[in-house]
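Here is a walk through a two-chain model, meant to be read with the structure open beside you. Could you keep the viewer handy while the rings, the strands and a few single residues come up in turn?

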2 protein chains.
Amino acid sequence: VRAVCVIGLGLIGGSVLRAAVAAGRDGFGATASASTASAASADGYCVWPSVDAALARAAERDALVVLAMPLPEVAGVLDRVAAVAPGSRLTDVVSVQAPMDELVRRHAPGARYVGGHPMAGTADSGWAAGSAELFEGAAWVVAADDGLDLDVWRDVAELAWTCGAEVVPAAAADHDDAVARVSHLPHLLAAVLAAVGADAESDLPLALAAGSFRDGTRVAGTRPELVLAMCEGNRSALLAAVDDALGRFGAMRGSLASTGGLAATVRAGHAATQRLTRVQQAARVRADLNVPDALTRLREIGSRGERVIGWRG
Amino acid sequence: VRAVCVIGLGLIGGSVLRAAVAAGRDGFGATASASTASAASADGYCVWPSVDAALARAAERDALVVLAMPLPEVAGVLDRVAAVAPGSRLTDVVSVQAPMDELVRRHAPGARYVGGHPMAGTADSGWAAGSAELFEGAAWVVAADDGLDLDVWRDVAELAWTCGAEVVPAAAADHDDAVARVSHLPHLLAAVLAAVGADAESDLPLALAAGSFRDGTRVAGTRPELVLAMCEGNRSALLAAVDDALGRFGAMRGSLASTGGLAATVRAGHAATQRLTRVQQAARVRADLNVPDALTRLREIGSRGERVIGWRG
């Protein structure tokens, strides 16, 4: 079973390392934070004293390297990959894919890179918030653009399964559009809603806030730096999703002001939640990498909302 | 202890009836739905065969009458109040207050009316979804405009406490503005977000939806008729809240498109969630109805986000 080298030990990276080790794999890591390194070591994990040292070990073991730092820090780490472990099997958990592709091409062009993105998280962050169970049942996107290295694709899918997740194959651009809609836009709407609730002369509105406001604003409690890195890193796809939301919200405003009617908005939202329930129960399938059009077929699986849970045959 | 007559036995009314009876009070009700009447009777509750019969019984017992139907059905029931029990002690759980005031003035001007609004609910609806514990720890707004009947105010506050809730006194207009921000706007934003997630050629976005999308769209699963009755009934206050949200969302869009920066939006949202946590821990106080400016003092309590949990002295 292939070793796993996790660079960055926050909520996501720390959870990947825990899950890999819990599944019996050779897992080790590195982090730029001395306090995180101490905490992870104290919890019994192998943390190398520097990113270079971890990458050197990864090269020695032909490990799968997992980049797990915020997007703004990726370029610096990729420069170290290019210097210390240039031909690595490489993936990430960074949350945007087209910008990551571009960074890898520029900073570590020799790496055998297949992007990844586990769709899990909490409002908390940092090593202490992580757990080996964080990805249980979650979707884990694995990039499926033409030309990717199928051998590394297998490694990334198997890491996702090791973590208890299910694999959703998708082209990088489709992934970025999808997460703009279902992951980044929710953070912006939550922030706007929270601010409108707090924007009154008295504390009465916040005193009356109950389930609908708490649900709708929960992710606005996430550490702003993490939200900014995630959303600003997906700017172009996010702008399209924001414009879609603004168009719908503006049409609703017009209808409320003119006829007072909200039925179109409310019914479309209700129908969408029913579709959400159906899609999230979509088939779990097995995939075959040993066919000529393997990546095309994988992308079709993702478009249908299905998830890959193992290999065929 | 005063008897309680609940007209309308859906989620909220059904829960009020259950909580009043569980606390040992004489509680009875009526509903326009034959199937709901059967279900509530089968569960052991006293359900009169018609609204008129229940109101006649309420008049006989000098009960507190609780209106618990959607806003569009209120006028018809108020006409029966005026006919059968014109001087009733009257409150409601309808969710908007200025429009309710207006309806009572027009249809049952003799009623001793003090508006109420328990801030609790679930995405489910109907008698079967209710429970005696629904209001445990919830805010229950009681209208505190000048001129209200303090004897009925006491009845309504004591009903809220019977149900396990805490009382937030507020002027009707302030209440309507507050719920537009923290209860109605969240339903519209949830509907818009759900529609944007479902608005793609493939099912990939919904397949990738995780915690932030599920939290942000949860209330879009509420039965559309209930959401429409609630939101459309608070049109004027809601329009102001929608415009506040649109202004913030539009400014964010401009910043994303020009500099790519989202810090102002994200930081304001984060600060608002911290203020929410503080306000929801505001003091629990005791109130005194036997002072000349009792209603002014009650409104001040609500403006500070505090909650009344009993009488002073």
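## Rings that meet

Over all chains, the count comes to nine aromatic pairs, where rings of Phe, Tyr and Trp (its six-membered ring) pair if their centres lie within 6.5 Å, with planes under 30 degrees apart called stacked, over 60 edge-to-face and the rest tilted. One of them joins A:Phe28 and A:Trp48: the ring centres are 6.5 Å apart and the planes stand at 70°, so this pair is edge-to-face. A:Phe28 sits in strand β2 (residues 27–30) of chain A and A:Trp48 in the loop between α2 (34–42) and α3 (51–61) of chain A, so the pair ties together parts 20 residues apart in sequence. Helices (H or I, at least four residues) and strands (E, at least two) are DSSP runs here, numbered from the N terminus.

Before going on, a word on the ground rules. This is a predicted model, in which local features need pLDDT of at least 70 and side-chain atom pairs count only at pLDDT 80 or more, while totals for chains, interfaces and linings use all residues. Residues are numbered from 1 along each chain as its sequence is written, chains are lettered from A and ligands numbered from 1 in the order in which they are written, and side-chain values use heavy atoms, with hydrogens and water left out.

B:Trp127 is buried, at 5% relative accessible area.

Chain A also has an aromatic cluster made of A:Trp153, A:Trp161 and A:Trp311.

| Charged residue | Ring | Distance to ring centre |
|---|---|---|
| A:Arg18 | A:Trp127 | 3.8 Å |
| A:Arg154 | A:Trp311 | 5.0 Å |

## Strands and a helix in chain B

Five strands of chain B make an open, parallel sheet in the order β2-β1-β3-β4-β5. Strands pair if DSSP finds at least two bridges between them. The edges are β2 (27–30) and β5 (112–113) of chain B, each pairing on one side only. Inside that sheet, four bridges join the parallel strands β1(B) and β3(B), and B:Cys5 has B:Val65 of β3(B) as its bridge partner.

Which residues of helix α4 (residues 74–84) of chain B are buried? They are B:Val74, B:Val77, B:Leu78 and B:Val81. An α-helix has 3.6 residues a turn, so residues three or four places apart point the same way. The buried residues of α4(B) pack against β1 (4–7), α3 (51–61), β3 (64–67), β4 (89–92) and α5 (98–107) of chain B, with contact meaning heavy atoms within 4.5 Å.

Strand β8 (residues 166–170) of chain B is mostly covered, with five of its five residues buried. B:Glu166, B:Val168 and B:Ala170 are on one side, and B:Val167 and B:Pro169 on the other. β8(B) pairs with β7(B) in the parallel sense over five bridges, and B:Val142 stands opposite B:Pro169.

## Where the chains touch

B:Arg307, in strand β10 (residues 307–311) of chain B, is buried at 6% relative accessible area. Its contacts include A:Ala207, B:Glu166 and B:Ala283. A polar atom of the B:Arg307 side chain lies 3.2 Å from the backbone oxygen of A:Ala207.

B:Thr217, in helix α9 (residues 211–217) of chain B, is buried at 2% relative accessibility. Among its contacts are A:Thr273 and A:Leu276.

Terms used. Buried < 20%, exposed > 50% of the residue type's maximum accessible area, 1.4 Å probe, protein only. Polar contact = N/O pair within 3.5 Å; in protein donor to acceptor, adjacent residues only side chain to side chain. Lys NZ or Arg CZ within 6 Å of the ring centre and 35° of its normal.
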